[in-house]
Amino acid sequence: MRRLLRWLVLGYIVFCSTLAPTAYAQAPANPSPATSPQVEDRISKLEQQVTAAQSSGDNAWMLVSAALVLLMTGPGLALFYGGLVRKKNVLGTMMQSFILMALITVLWALFGYSLAFHGGSRFLGNFGYLFLRGVGAVPDADYAATIPQQTFMVYQLMFAIITPGLIAGAFAERMKFSAMLLFMTLWSIIVYDPMAHMVWGKGGLLNASLGGAFPTLDFAGGTVVHVTSGVSALVCAVYLGKRLGYPKQPMPPHSVVLSVIGACLLWVGWFGFNAGSALAAGSLATSAFVATHFGAAAAALGWAAAEWIRNGKASVLGAISGAVAGLVAITPAAGFVGPMSALLIGAVAGVFCFLMVTKVKGWFGYDDSLDAFGVHGAGGTLGALLTGFFASRAINPIFKDAQGSALPVGLFDGNPRQVLNQLVGIAIAWVLGVVGTLVILKVVDALVGLRVSEEHELQGLDLSQHGEEGYNLEA
């Protein structure tokens, strides 16, 4: 029986082997016409699903980044600045940050976004996006191809909110609330919107990725945010004059605790500020995230070390100021430099800004109340310049030849011309900040007056401008 089964199996194998060539010969070399469209349709659907997944991931990251940048203004900047002023001015100072979240949002929706990001001249956009017309779910590939344009718009709004808020540190404790509102409105239109368009907008004079005449590298706002606001802060401090009693009367911060909390919130929010400027949840965002953190850490140590050498102690206020200085300096370079370059930029910024605050301010005698210029103006200028030295195509190949090959980016990468481009961008930011702010201050002073009366300044902004007190210390 077993022998019979073996012969049957052997016979079946031989029979199948004789039929196989015939069967294979009859099989078509290519899929039938009926199956080709089906395969192509499945591939097309798969590609759509992959694109949708990428868009969803990028959009989620950008919405989170927008929220992080808003966190920098309120509560970050509000607490940081609020703790640095005297107790009688804490609410007035925090109100300046808070009200900008509302004021600039309305201006941005009406025309600000259009002036900054719609195509126009080399210096300013036009009114194509007036009232956010056409700004919806469809991406603008020139800016960010994988997220809705409305997401890009609201992300950029958060930059427009915090930038004028930084200026308030220079005129803290002495500007009228009504004057502040009018000043910030005009400043956002005359200074911020044109600078944002020149550096980031289509056709802008300084745009590095969309054919600017002087391609300035500014990944997240070194010139647009920090240089313009810091320089404008200096002009405000000089124009308004010193606070009553400054510098003879001591004016220490009323709560460094609040400022520490604010500085930590700024540090966290800055990841949305810098890493979010990659406009996608990819490796460039990771690189900018790392550079941001490293720059802040090195600057905090640099400022603390310089202060320790000079005064014999490292203060808490100095350490948090150094961290902010490092965050400012690394902002333009975040998406162009590696971790070691970020450490170096941060360390230099910490020491440089310390000297600006402790030495240079004393030499010239201006009352920059909360050191907006010493940190943001000086740190932003330094960071924008150093970006031209350390930017690398290995991190961000922003410049390419006709064949698509990466070209050198910064000086140490083989492109010495970039330092000149950075200087042009810095110079334009300085001129626009100085001239624009001076004109605005004169207009506001003529219309409503800038400075509170001596009586109100002695009383404090909380009561004189808002009829409230920050603390109820009754037993």
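I start with a helix pair. Ser341, Leu344, Ile345, Val348, Ala349, Phe352, Cys353, Met356 and Val357 in H10 meet Phe373, Gly374, Val375, Ala378, Gly379, Leu382, Leu386 and Phe390 in H11. Contact here means heavy atoms within 4.5 Å. Helices are DSSP runs of H or I with at least four residues, strands are runs of E with at least two, and both are numbered from the N terminus.

By class, this contact of H10 with H11 has 14 nonpolar, 3 polar and no charged residues. Nonpolar covers Ala, Val, Leu, Ile, Met, Phe, Trp, Tyr, Cys and Pro; charged covers Asp, Glu, Lys and Arg; the others, Gly among them, count as polar.

Before going on, the ground rules. This is a predicted model, in which local features need pLDDT of at least 70 and side-chain atom pairs count only at pLDDT 80 or more, while totals for chains, interfaces and linings use all residues. Residues are numbered from 1 along each chain as its sequence is written, and side-chain values use heavy atoms, with hydrogens and water left out.

Back to the pair. Two packed helices are described by the angle between their axes and the distance between the axes. For H10 (residues 339–364) and H11 (residues 372–390), the axes come within 9 Å and cross at roughly 145°. The axes are lines fitted to C-alpha atoms, for helices over the stretch in contact, with angles from 0 to 180 degrees between N-to-C directions.

Next, the cores. A nonpolar core is a set of buried Ala, Val, Leu, Ile, Met, Phe, Trp, Tyr and Cys residues joined through side-chain atoms within 4.5 Å. Buried is under 20% relative accessible area, exposed is over 50%, and partly exposed is in between, with a 1.4 Å probe and protein chains only.

Which residues touch the most other members of the largest nonpolar core? Of its 113 residues, they are Trp108, Phe171, Phe183, Met184, Tyr192, Phe273 and Val337. Helix H5 (residues 177–200) gives the most to this core, with 13 residues. Apart from it lies another core, of 6 residues, among them Met356, Tyr366, Phe373 and Ala378. Of these, Met356 in H10 and Phe373 and Ala378 in H11 were also named in the helix contact.

Leaving aside neighbours within four places in sequence, Trp108 has contacts that include Tyr113, Phe117, Leu132, Met153 and Tyr192. Leu132 itself is in the loop between helix H3 (90–117) and helix H4 (149–167). Its phi is near 60°, a positive value in a residue other than glycine. Leu132 counts as partly exposed because its relative accessibility is 22%.

Leu279 also has phi near 60°, and is found in the loop between H7 and helix H8 (283–311). At a relative accessible area of 16%, Leu279 is therefore buried.

There are cis peptide bonds to point out. One runs from Gly74 to Pro75, with omega near 15°, and Pro75 lies in helix H2 (residues 36–84). Another joins Tyr246 and Pro247, with omega about 5°; Pro247 is in the loop between helix H6 (222–240) and helix H7 (256–274).

Last, Asn421, in helix H12 (residues 417–447). Is Asn421 buried or exposed? Asn421 counts as buried, because its relative accessibility is 3%. Thr216 is 205 residues away from Asn421 in sequence, yet the C-alpha atoms are 5.5 Å apart. Not counting residues up to four places away in sequence, Asn421 touches Phe214, Pro215 and Thr216.
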